[in-house]
Amino acid sequence: MSFIAGLKMAEMPVLMIGPLLSRPGALFIKSTRRTDSGVYQCTAKTFDSSGLVTYPGAKILLDVQYTPTIVDMPDTVAVPEGSDARLPCVSVGNPTTHFTNWTRHGENLRSLPRFEVLEKGSLLIQDVRRTDAGEYACTPHNKVGPGKTKTTKLVLKVVPKFIVAPPSIMTLRVDDDVTLVCEATSESPPKLSWERDGGAPFPEGRTVTQGGKLVITSIQKDDYGVYTCIASSDDGQARHSTTIAVICKLK
């Protein structure tokens, strides 16, 4: 007898043919592996008065099932505070992953507000807070059972924080000069710049910008509007806006 699964018998050392099992001709596969899945065919041969006779026999599908294995999970996910975080946990198994369980400090996160397990197993954390930073554990499950748990760490990027900023509203008279100054701090050196609301140009010939310093001389009525200081770093961006209102001079 011979058994076929797309390979010659000599290429399948783990295969053994009875009498290891009680039924003669039975196929015994020791320590089945995922790669053993396939179609196996039993062929019987015998002799009769006409010579060698071959019976094709039956084909049997072997489906080796196994618990899910996580194939995509970064060691660390870094996001700014206040943003949404997505922690990947992609797994493969046979049968396919039925559901994915996320825990933190042993607590199941599935039913907590701001936490949602997405279709492919990723964990979505909305409006990330500082208390959310830390280690998260993912365990995929299928009908065979739970797979091996892996962990990932959520790290918060600290966006720049203003330590000096102009008032939110300033009222000036025509022909006044104004200087707006902002300073910020962050874990990496922040870059400071100014912009005018809607991308409008600064007053031509009367404006000087130098990092966090904005100087406008001889204010005119058309200079009214919102001016925003932007502090940018590798970890994110912070903005502070000042509205300038312009009134006529007293006579």
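**Note on the predicted model: disulfides, cores and strand pairing**

1. C89 and C138 form a disulfide, with their sulfur atoms 1.9 Å apart. This is a predicted model. The torsion about the S-S bond is -85°, and the link of C89 and C138 is left-handed. The pair links distant parts of the chain. C89 sits in the loop between β9 and β10 (90–94), C138 in strand β15, and 49 residues separate them. Both C89 and C138 are buried.

2. A disulfide also joins C182 to C229, at 1.8 Å from S to S. Its handedness is right-handed, with 55° about the S-S bond of C182 and C229. C182 lies in the loop between β20 and β21 (183–185) and C229 in strand β25 (residues 225–233), so the pair ties together parts 47 residues apart in sequence. C182 and C229 are both buried.

3. The count comes to two disulfides. With bonded cysteines counted along the chain, the pattern is 1-2, 3-4. Two further cysteines deserve a look. C42 has a relative accessible area of 24%, so it counts as partly exposed. C248 is partly exposed as well, with a relative accessible area of 42%.

4. Now the cores. The largest nonpolar core has 18 residues. Within this core, L87, W102, L123, I125, Y136 and L154 touch the most other members. The elements that give two or more residues to this core are β8 (76–80), β9 (85–87), β13 (115–117), β14 (123–125), β15 (134–142) and β17 (150–157).

5. What does L87 touch, not counting residues up to four places away in sequence? Its contacts are V77, W102, S122, L123, I125, Y136, T152 and L154.

6. D132 is worth checking by eye. It lies in the loop between β14 and β15. Is D132 buried or exposed? The relative accessibility of D132 is 3%, so it counts as buried, the cut-off being under 20%. The side chain of D132 reaches the backbone nitrogen of R129 at 2.8 Å. Leaving out residues up to four places away in sequence, D132 touches R104, R114, F115, I125, D127 and L154.

7. Strand β4 (residues 38–48) pairs with β5 and β6. Four bridges join β4 to strand β6 (residues 59–62), and the two run antiparallel. V39 has L61 as its bridge partner in β6. Between β4 and strand β5 (residues 51–55) there are five bridges, again in the antiparallel sense. There, T46 has V53 of β5 as its bridge partner. A hairpin of two residues joins β4 to β5.

8. Further along comes an open sheet of three strands. The order is β20-β24-β23, with antiparallel pairing. β20 (178–181) and β23 (207–210) are the edge strands, and each pairs on one side only. On average, neighbouring strands of this sheet are turned by 10° against each other, direction ignored. β23 pairs with strand β24 (residues 213–216) over four bridges, in the antiparallel sense. The bridge partner of T207 in β24 is I216.

Conventions: Residues are numbered from 1 along each chain as its sequence is written. This is a predicted model: local features need pLDDT of at least 70, side-chain atom pairs count only at pLDDT 80 or more; totals for chains, interfaces and linings use all residues. Side-chain values use heavy atoms; hydrogens and water are left out. A nonpolar core is a set of buried Ala, Val, Leu, Ile, Met, Phe, Trp, Tyr and Cys residues joined through side-chain atoms within 4.5 Å. Buried means under 20% relative accessible area, exposed over 50%, partly exposed in between (1.4 Å probe, protein chains only). Contact means heavy atoms within 4.5 Å. Two strands pair if DSSP finds at least two bridges between them. Axes are lines fitted to C-alpha atoms, for helices over the stretch in contact, and angles run from 0 to 180 degrees between N-to-C directions. A polar contact is a pair of N or O atoms within 3.5 Å; within protein, one must be able to donate a hydrogen and the other to accept it, and residues adjacent in sequence count only if both atoms are side-chain atoms. A disulfide is a pair of cysteine sulfur atoms within 2.5 Å.
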